[in-house]
Amino acid sequence: MNKRERLQAVLRKEAVDYVPSSYWFHFMDLSEVKAKAEAHLHFHQATDMDMMKVMYEFGYGTEQKITKPSDWEHITTQGRNAPEYRKQVELIKRIQDGLQEDCMIFTTMFGAFKMAQFMAGEEMLMQHLVEAPQSVLAGIRAIADMLADWASGFCGLGIDGIMYAAQYAEKTRFSRAFWEMTVKPCDEMVLNQIQKEKKYILLHMCGMAQYGKEVDLERFTGYPMDIASWAVYSSHLSLREGRAMFSCAILGGMDNYGSLIRDDSNAIRQDVQNVIAEAGAEGLILGADCVILENPRADRVRTAVMAAREMKGGV
């Protein structure tokens with residue numbers, strides 16, 4: 001059973017020889033696509049993880065400068081001609097060419113609200129939504145339409161799926177009713193396109209403690225997904241509880257501010273054993289709450305990956 005076959009079996013919730021692993025690591029200090037691709041491949045090889053997740057680190061911007069709410073009404077997206085899209089395509093292709101094993105590849109995408117935040121900043125975006133929500137939403141819907149086309153383009157490269165970072169579902173940001181009228185339809189435009197392309201959806205319901213806002217995970221229960229990922233420790237929803245909430249495979253369990261950022265291999269191994277023992281191996285991909293931001297090191301991640309493999313059959 002190779003890495004691709006093992007992950008496919010996990011997605012079908014079939015028994016596997018060990019619990020596969022996937023951890024995420026930013027390469028923001030590298031500006032060139034070639035260097036980012038090489039860093040991805042080096043990290044993957046050094047850790048021997050079971051799937052390749054391609055990070056998205058190019059932000060987003062248009063020729064229109066956003067200074068007032070009405071500016072959102074005049075956003076003209078560049079579609080697949082956008083430099084950010086072209087760079088991500090190049091990154092994916094370089095990684096595909098350099099990957100020396102048969103494992104699944106997922107590329108990362110952010111939702112339309114997050115891309116709008118890249119354009120204007122969170123503070124301005126939120127203020128404009130208060131002042132003139134319909135003007136802002138006109139622009140964000142245009143971005144969502146572009147992202148759906150981007151998703152189609154990425155899927156056409158032969159990747160296995162997309163890790164969609166679903167954000168802006170924090171309990172104190174928008175009311176449930178406002179979220180359902182605004183954020184959810186934009187998410188669904190992209191997710192429905194991925195489904196149409198017959199690719200896997202890794203839905204990452206992003207909400208780390210440093211953001212100071214608790215994500216309402218129940219809002220996502222109707223979203224299409226093949227793998228569910230959320231911040232176990234800041235949301236206080238265990239993997240076992242999440243398995244009951246989401247009917248698909250799950251990814252996570254490790255605290256990205258815990259043993260993974262400390263020089264204590266025994267603690268990492270113990271945490272891995274505890275996560276698998278408590279959550280159960282069925283439909284489980286071991287990973288962290290989110291990207292490892294503080295003091296990330298490949299050797300620590302490799303320790304976690306190997307610890308999962310030592311538990312044959314997840315027991």
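1. Which residue lies over the face of W24? K53 does, at 4.9 Å from the ring centre. Keep in mind throughout that this is a predicted model. A second case of this kind involves R173, which lies over the face of Y168 at 3.9 Å from the ring centre.

2. Now the cavities. A search of the whole structure finds two of 30 Å³ or more.

3. Around it are G111, A112, F113, K114, A165, Q167, Y168, V183 and D187. Helices α4 (112–120) and α7 (176–196) are the elements that give two or more residues to this lining. The largest share, three residues, comes from α4. By type, the lining divides into five nonpolar, two polar and two charged residues. Y168 is one of the lining residues, and its ring is the one with R173 over its face.

4. C155 is in no disulfide, and the nearest cysteine sulfur, that of C103, is 17 Å away. A disulfide needs the two sulfur atoms within 2.5 Å. C155 is buried, with a relative accessible area of 4%.

5. C186 is in no disulfide either. Here the nearest cysteine sulfur belongs to C206 and is 18 Å away. C186 counts as buried, at 3% relative accessibility.

6. Aromatic contacts deserve a look. A search of the whole structure finds 19 aromatic pairs. One of them joins Y56 and W150. The pair is tilted, with 6.5 Å centre to centre and 50° between the planes. Y56 lies in the loop between β1 and α3 (83–98), and W150 lies in helix α6 (residues 133–155), so the pair ties together parts that are 94 residues apart in sequence.

7. Are the two partners, Y56 and W150, buried or exposed? Y56 is buried, and W150 is buried too. Both also belong to one aromatic cluster, formed by Y56, F58, Y60, Y85, F110, F118, W150 and F154.

8. A last point concerns L30. This residue is found in the loop between α1 (3–11) and α2. L30 counts as partly exposed, at 25% relative accessibility. L30 and E57 are 27 residues apart in sequence, and their C-alpha atoms are 9.6 Å apart in space.

How values were computed: Residues are numbered from 1 along each chain as its sequence is written. This is a predicted model: local features need pLDDT of at least 70, side-chain atom pairs count only at pLDDT 80 or more; totals for chains, interfaces and linings use all residues. Side-chain values use heavy atoms; hydrogens and water are left out. On a 1 Å grid over the protein atoms alone, a cavity is a set of points where a 1.4 Å probe fits but cannot get out, and a pocket is an open set with protein on both sides within 12 Å along at least five of seven lines; lining residues have an atom within 4 Å of a point. Grid points are joined across faces, edges and corners, and a volume is the space filled by probe spheres set on the points. Helices (H or I, at least four residues) and strands (E, at least two) are DSSP runs, numbered from the N terminus. Ala, Val, Leu, Ile, Met, Phe, Trp, Tyr, Cys and Pro count as nonpolar, Asp, Glu, Lys and Arg as charged, and the others, Gly among them, as polar. Buried means under 20% relative accessible area, exposed over 50%, partly exposed in between (1.4 Å probe, protein chains only). Rings of Phe, Tyr and Trp (its six-membered ring) pair if their centres lie within 6.5 Å; planes under 30 degrees apart count as stacked, over 60 as edge-to-face and the rest as tilted. A charge sits over a ring if NZ of Lys or CZ of Arg is within 6 Å of the ring centre and within 35 degrees of the ring normal.
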